[in-house]
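Me: I would like to learn how to read side-chain contacts from coordinates. Could we work through one example together?

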Amino acid sequence: MACTTSFVLLVLLLVLLTSSLATAVQFNVVSYGAKSDGTTDSTKAFLKAWTQACGSTSPATIYVPTGRFLLRNVKFMGPCRNNAILVKIDGTLLAPSDFRAIGNAGNWVFFKDVAGVTVSGGTLDGRGANLWACKGSGKNCPSGATNLGFTNSRNIVIDGLTSLNSQMFHIVINGCHNVKVQGVRVSASGNSPNTDGIHVQVSSSVAILNSNIGTGDDCVSVGPGTTNLWIENVVCGPGHGISIGSLGKELDEPGVENVTVRMVTFVGTENGLRIKSWGRPSSGFARNIHFQHASMTNVKNPIVIDQNYCPNNKNCPGQASGVKISDVTYEDIHGTSATEVAVKFDCSRSNPCTGIKLEDVKLTYKNQAADASCTNADGTSTGLVQPTSCL
Ligand SMILES: *[C@@H]1O[C@H](CO)[C@@H](O)[C@H](O)[C@H]1NC(C)=O
């Protein structure tokens, strides 16, 4: 009899052990005091849940149920004791109504030094409109916080998230390796300042897939030190389009290499596919860039390389950019330009662009052939290319 009981207990123990290994331990922010009323500050509750999840030796889930959770700026810091943390959000995270509360924090929801973190679902509402108005009024205002930032992290997934009205950039990937951003929606007013959709810098192996980005600044911006970036099936507009750069602001700067942008639709944007660098000395570069299968509707500058960026004409001695741009392919780019010059390569006098390839490009302006303009640009064109290539 005693023998059977201990056997049953042993089996029970084994079942419990295996199930706790298979399913992640779950930490519901509500259990730590978070309130879904949109007015109670839930920052501490979220941090408590994070401390538990990060300290867990087995995979962990932080669960945010439906409702509105008011959060001040939060830092979810690693390293953690496991490398599989899922932040599952069914509700909305709400920034404080007074923009000053987080306006100088740099980031609102921020992860640093983490590995294997997935943020899934949910809405982040940065409530940035009052800060944009402040900036527009010429008053002295804080620079604003990024809605969601990852720094110095790896194996990150951001999936099915909605980012609304960020004070500044919406999502920033900085110093990261192996990041997948998919099914994301970004929305802010077309005239909101500096509200870039997704900004990537000093990062490798980043994919941005199946997303819809409408905002006041760049749809996706790619900063120095980005390698092996893949962007596919993204809709941009309103906003400033996809931009590699600004590059070459610093004298000593890592380059951008291996970027593929494919199947992107631009609607009413300022630019389509842009590479931009400061007109000043730099060790930076952009090479092996592939733009494929883009569709443009009423885009002001559908294809543009601008190496003479120098706001207020300050600190750009001689205006020549040190950034070397090479091996850039434009393949199957079609649609309408909102200005006469649909293709513009304005490259550096000291470092001309090389290896530019145009293949099957068809851009029209008011139902007519548009114009192309080249300065210090060298390359080839194949297939039908309209406007006629100036390379
Ligand atoms: C860029 O891609 C090439 C070809 O696939 C590869 O050899 C090279 O290592 C990549 N560069 C970086 C920095 O990963």
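The dialogue below takes ring pairs, charges over rings and salt bridges in turn.

Me: What kind of model is this, and how many aromatic pairs does a search of the whole structure find?

Reply: The model is predicted. A search of the whole structure finds eight aromatic pairs. In the pair F76 and F111, the ring centres are 4.9 Å apart and the planes are at 40°; planes under 30 degrees apart count as stacked and over 60 as edge-to-face, so this pair is tilted.

Me: Where do F76 and F111 lie in the chain?

Reply: F76 is in strand 5 (residues 74-77) and F111 is in strand 8 (residues 107-112), so their contact ties together parts 35 residues apart in sequence. Both F76 and F111 are buried. Ring pairs also link F76 and F111 with W50 and F150 into a cluster.

Me: How are the rings of Y330 and F345 arranged?

Reply: Their centres lie 5.7 Å apart with the planes at 45°, so this pair is tilted. Y330 belongs to strand 26 (residues 324-337) and F345 to strand 27 (residues 341-346), so the pair ties together parts that are 15 residues apart in sequence. Both Y330 and F345 are buried.

Me: Which charged ends sit over rings?

Reply: Here one looks at a charged end and a ring centre. The charged end of K276 sits over the ring of Y309, 3.8 Å from the ring centre. For R287, the ring is that of F285, with the charged end 3.9 Å from its centre.

Me: Which residue forms a salt bridge with R287?

Reply: Side chains of opposite charge can pair when their charged atoms come close. For R287, the partner is E257, at 3.4 Å from N to O. This pair links distant parts of the chain, with E257 in strand 22 (residues 256-267) and R287 in strand 24 (residues 285-299), 30 residues apart. E257 has 27% relative accessibility and so counts as partly exposed; R287, at 36%, also counts as partly exposed.

Me: How many salt bridges does the whole structure have, and what are other examples?

Reply: D90 pairs with K88, the closest N and O atoms being 3.3 Å apart. D90 counts as partly exposed at 36% relative accessibility, and K88 as partly exposed at 28%. D98 forms a salt bridge with R100, where the closest N and O atoms are 3.2 Å apart.

Me: Are D98 and R100 buried, partly exposed or exposed?

Reply: D98 is partly exposed, with a relative accessible area of 38%. R100, at 55% relative accessibility, is over the 50% cut-off and so counts as exposed.

Key: Residues numbered from 1 in each chain as written. Predicted model: local features only at pLDDT ≥ 70, side-chain atom pairs only at ≥ 80, totals over all residues. Heavy atoms only, no water. Phe/Tyr/Trp six-rings, centres within 6.5 Å; stacked < 30°, edge-to-face > 60°. Helix = DSSP H or I, 4+ residues; strand = E, 2+ residues; numbered from the N terminus. Buried < 20%, exposed > 50% of the residue type's maximum accessible area, 1.4 Å probe, protein only. Lys NZ or Arg CZ within 6 Å of the ring centre and 35° of its normal. Salt bridge = Lys/Arg side-chain N within 4 Å of Asp/Glu carboxyl O.
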